[in-house]
Amino acid sequence: MKSRAVAWGFAAALLAAGGTAEARYRMNSLTVYGGVHHHFPSGKAEEYVLGENDFPVVPAHNGILAGFSLIRMFGRTLGAEFDARFVGTSPVVLTDPSDGDIVELTAGPHVSVTLGVFLAPFSGAVRPYLSAGGGLDASLAGAASSITRYGFVIEVPAPAFKDRFDPEAHAGGGLLLLPGKGRTWGFRLDSRYAWIFDGSRTISGLSGSAGFFLVF
């Protein structure tokens with residue numbers, strides 16, 4: 001009986017130690033962040049169609065972004081990330097390649113919801129990481145109307161519901177900064193390149209953000 005009690009006590013100690021080690025290396029976190037998303041130019045002048053696609057090229061523009069991220073770590077280095085972000089409106093100036101007419105419009109906002117892999121191979125107060133994943137991007141654009149420099153009225157209808165959703169993929173990295181002794185909170189710097197697969201064309205962009213996170 002005594003030896004059995006010792007064995008059970010030893011097993012309990014091992015389980016407690018394992019639980020302590022797991023808690024030590026676990027870093028589930030919730031981040032709230034903000035930043036800027038840079039949309040690269042999209043479309044080609046060759047796609048011009050009179051009366052149908054008079055302004056085929058959308059120039060580069062920037063939108064303010066905000067969002068949150070949930071990370072679940074599985075061990076010391078590897079985790080899964082759920083990310084949801086909103087990118088706001090941005091003014092753009094479009095040019096008609098046939099006659100040089102221009103019109104000022106507003107690029108509509110959009111949101112994305114993604115799942116990804118999170119890799120943070122180093123421990124310590126400063127932790128670089130890599131991430132990659134994919135999900136769904138949804139356009140929130142509404143109908144728009146504007147007058148060109150030559151006096152033509154341009155009407156842009158709101159996208160149909162089925163056309164608002166597109167697949168998204170992204171890859172990037174950043175830094176986790178944990179200044180406190182308990183390392184239960186910190187700051188996150190993130191940059192990622194994203195691709196939105198909108199039918200036959202791909203819209204790409206680069207985002208940079210900073211945020212505050214809590215570890216649990």
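Biologist: How many salt bridges does the count come to here?

Modeller: A salt bridge is a side-chain nitrogen of Lys or Arg within 4 Å of a carboxyl oxygen of Asp or Glu. By this rule, the count is seven salt bridges. Keep in mind that this is a predicted model, where local features need pLDDT of at least 70 and side-chain atom pairs count only at pLDDT 80 or more, while totals for chains, interfaces and linings use all residues. Residues are numbered from 1 along each chain as its sequence is written, and side-chain values use heavy atoms, with hydrogens and water left out.

Biologist: Okay, which residue does Glu81 meet in a salt bridge?

Modeller: Arg188, at 2.9 Å from N to O. This pair links distant parts of the chain, with Glu81 in strand 3 (residues 78-87) and Arg188 in strand 11 (residues 185-198), 107 residues apart. Strands here are DSSP runs of E, at least two residues, numbered from the N terminus.

Biologist: Are Glu81 and Arg188 buried or exposed?

Modeller: Buried means under 20% relative accessible area, exposed over 50%, and partly exposed in between (1.4 Å probe, protein chains only). Glu81 and Arg188 are both buried.

Biologist: What network of salt bridges is Arg188 linked in?

Modeller: One that joins Glu81, Arg188, Asp190 and Arg192. Within it, the closest N and O atoms of Arg188 and Asp190 are 3.3 Å apart, and Asp190 is buried too.

Biologist: And why does Asp198 count as partly exposed?

Modeller: Because its relative accessibility is 24%. Asp198 forms a salt bridge with Arg201 (3.3 Å, N to O), and Arg201, at 33% relative accessibility, also counts as partly exposed.

Conventions: Helix = DSSP H or I, 4+ residues; strand = E, 2+ residues; numbered from the N terminus.
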